[in-house]
Structure formats: structure tokens, C-alpha cells
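Welcome to this structure. Here are a few friendly notes to read alongside it, one point at a time.

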Amino acid sequence: MQCLKAFLCDGPEKCDITEIPESRPAPGEVKLKILYAGICGSDFGIIHGRNPFASFPLVPGHEFCGEVIESEASNLDIGQRVVVMPVMGCGKCSSCREGNVNRCPKVKLYGVHLNGGFAEKVVVKASQAIPFPDSLDPKYAVFTEPLAVGIHCVRRGDVKVNNDVAIIGGGVIGLTIASMASFYGAKRVLISDIVPQRLQKAKALGINLTVQENEEGIVKFSRKLGLNFDVVFDTVGSEQSLEDSLNLLKPGGKLVLVAVPKGGKKPIGLAKLFAEEKVFTASRTYTMEDFKKALSLIVSGDFRPEKLITHYFPFDKIQEALFTAEHEKDKALKVVLKIEN
Ligand SMILES: [Zn+2]
Ligand SMILES: [Zn+2]
């Protein structure tokens, strides 16, 4: 039997590079040689057993691009480079029919429910494999997925020209939202984090308003400057960050929850939501439209992934790469595996 090298999780804390049997594409599928795969914070939920949706044994990795090496689909030829849209809906429910596959009750992701990109090769549905031109270096195409998250957030928040926007949390997602909010015309963008190096990164990206969370607190900082916001994105999801987010909003403003909420014993201030007609909403992954928009912004050069990708590691060094992504938050933003040698 033909085998391939993959980072396989047999269960929580039981993940390592091993040989797994190679499968063949069925009609409508393609086999990819994986070129690059990004490491996401949510991968640690799978590795440490905190993600209830992960179905073991599993090859994680939902941010990946590759080259078609076998094709059972008429629209994709061998040699075509593609980035994989990992989110799949049932195709039948009302959310799927409206194009909101991310809301499907039966949603499945490559790298969470099905084998993903931390491997030499993978078989995926051709409909999820989005081609990109050879002129785009695949080391940047791999950033399509996190950028799609940021685009979906900004769409959920309905950020308009001259809006003032605040973002709690300056990780990859927070920084991506900040740069997309600016791209869609936001006037002032404020970002907060507890890690000072991330705020320096935000400044390097052109975001001038930053606040270090444990020093001053974003609400106090904003009051001092007389700032309140049309849209606030909470990428942390703690009771404190949700309360801060509501307090930062203008009357009629919109709070977008981006993280899975933690705790949740303390009720949010519904009386205040009502009195000031504030809107509370959420943003979960992205749609195919967001994903294609993200890829087009990388192809056109309107978004430059090199600003947020801090590390590339060879596949054999995956344990080191995971350690860097999880524990070296003062240095690492997006950490990427270069899979093909
Ligand atoms: Zn991710
Ligand atoms: Zn569905």
C-alpha cells in the first residue's frame, strides 16, 4: 500500500508525524500535494482535546494550499495550484441555500472533521479547491483562510466609510480585522492587547491607536480621548471583554463577537442594549464569497500576508513550529509549515 507522511492525532495529546495510507480521489475530488499549511490557534484546541467537534483519528490543518496531482474533476487539471476552502455545509438547509455554509447545523471542516493540511498529500472535493495563478507565490496564498475570517467579520459588522472601529485582541485575527476595517474605509481604528510586541506590530501595519490592556484598559483609554465606536470586534470572548465592548459602543453601534464565548455566567447588559439600540451579533468562519474575496485581495496585492506571517518551518519541525505558535506570543503571529521539499 502507498503511504504518505502526515501529522496524525490519534486523540488528545497523541499527535505526531507518522505514515498513513494514501487514498485515491473519487469522482468530483482531487488529490493535492500540499505546499504550505498555516497553524491556527484553534489547532491547539484539537491537539489538547478541547475541541468537541474534532473526530479522531485526524490530520489537523484547515489553512492550506497545494498543487493538483490527481484529478477526477473536469474543471481542475494536474499542476493547477489551489487553496482549499475548508468549510463545507450540507448543501440542503436554508443557510446553505443562501450561501451561508458557515451557519449550517451539519457544517464540516477539513482539518477538524475531515483530514486536513498537516500532511504531504490530501484528497479534497474539487468544489472546495479554489485555483490561483502561478504569479502568486503559494507561501502567501496560504494566508487566504485567516484573511477570509477578517473579511467576514468586517462584513458582519457592516463597517462603513468614516466609521470608528475598536478591536479587542491583537492576534492574527484582530490585526487582520484592523487592516480590513481600514481597507473598507474606517476612519479611526483602535486595537488593544496584553502583549506589547503585538501593539508594535499593529503600529507597523499603520494602526495608530493602540492600548495595552493590563496597563490602562481600553474603556478608560477611549473615554480619556472622547472616543466611542460604531463597531467593536471582540476577539477574546471573556466576560470582561464583552462588557468592555458594550461600553465602547456608540448608541446604535454594533458589537461583533468573533471568539467562542468563555464563561458566560454574567448576563450581558440587555437593558443598555435596549436603551441605546445597540446591536449584538457574531461572526463565525466565512462563506465561499468571503474566501474568494480574500484570495483576490492577496492576488491583487491589496493585502500583504508577509506583514503577518512571522515564521516558516519545514514540515519535519512541526513540533517546534507548534511550540512557537502557542508559546512565543511576543514573537510569533502566523506560523506556517512549508510542506513540500
Ligand atoms: Zn484558522
Ligand atoms: Zn446546510
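1. Let's begin with Cys40, which is buried at a relative accessible area of 17%. Here, buried means under 20% relative accessible area, exposed over 50%, and partly exposed in between (1.4 Å probe, protein chains only).

2. A word on the basis of these notes: this is a predicted model, in which local features need pLDDT of at least 70, side-chain atom pairs count only at pLDDT 80 or more, and totals for chains, interfaces and linings use all residues. Residues are numbered from 1 along each chain as its sequence is written, chains are lettered from A and ligands numbered from 1 in the order in which they are written, and side-chain values use heavy atoms, leaving out hydrogens and water.

3. Donors are N, O and S atoms within 2.8 Å of the metal (3.2 Å for Na, K and Ca); water is not among the atoms, so sites may look incomplete. Cys40 sits in the loop between β3 (29–39) and α1 (41–47), and His62 in the loop between α1 and β4 (63–71), so the pair ties together parts 22 residues apart in sequence. Helices (H or I, at least four residues) and strands (E, at least two) are DSSP runs, numbered from the N terminus. His62 is buried too, at 4% relative accessibility.

4. Now look at the zinc ion (ligand 2), which is held by Cys90 (SG), Cys93 (SG), Cys96 (SG) and Cys104 (SG) at 2.3 to 2.4 Å. The spacing of its donors reads C-x2-C-x2-C-x7-C. Cys90 is partly exposed at 29%, whereas Cys93 is buried at 19%.

5. Helix α10 (residues 288–300) is worth a visit: its 13 residues reach 18 Å from first C-alpha to last, close to the 18 Å expected at 1.5 Å a residue. (The expected span is 1.5 Å times one less than the number of residues.) Which residues of α10 are buried? They are Asp290, Phe291, Ala294, Leu295, Leu297 and Ile298. These cover an arc of only 160° around the axis, which puts them on the same side of α10; the arc is that of the directions from the helix axis to the C-beta atoms.

6. Ser296 also belongs to α10, and is partly exposed at 35% relative accessibility. After the helix comes Gly301, with a positive phi near 85°.

Technical notes: Expected span 1.5 Å × (residues − 1).
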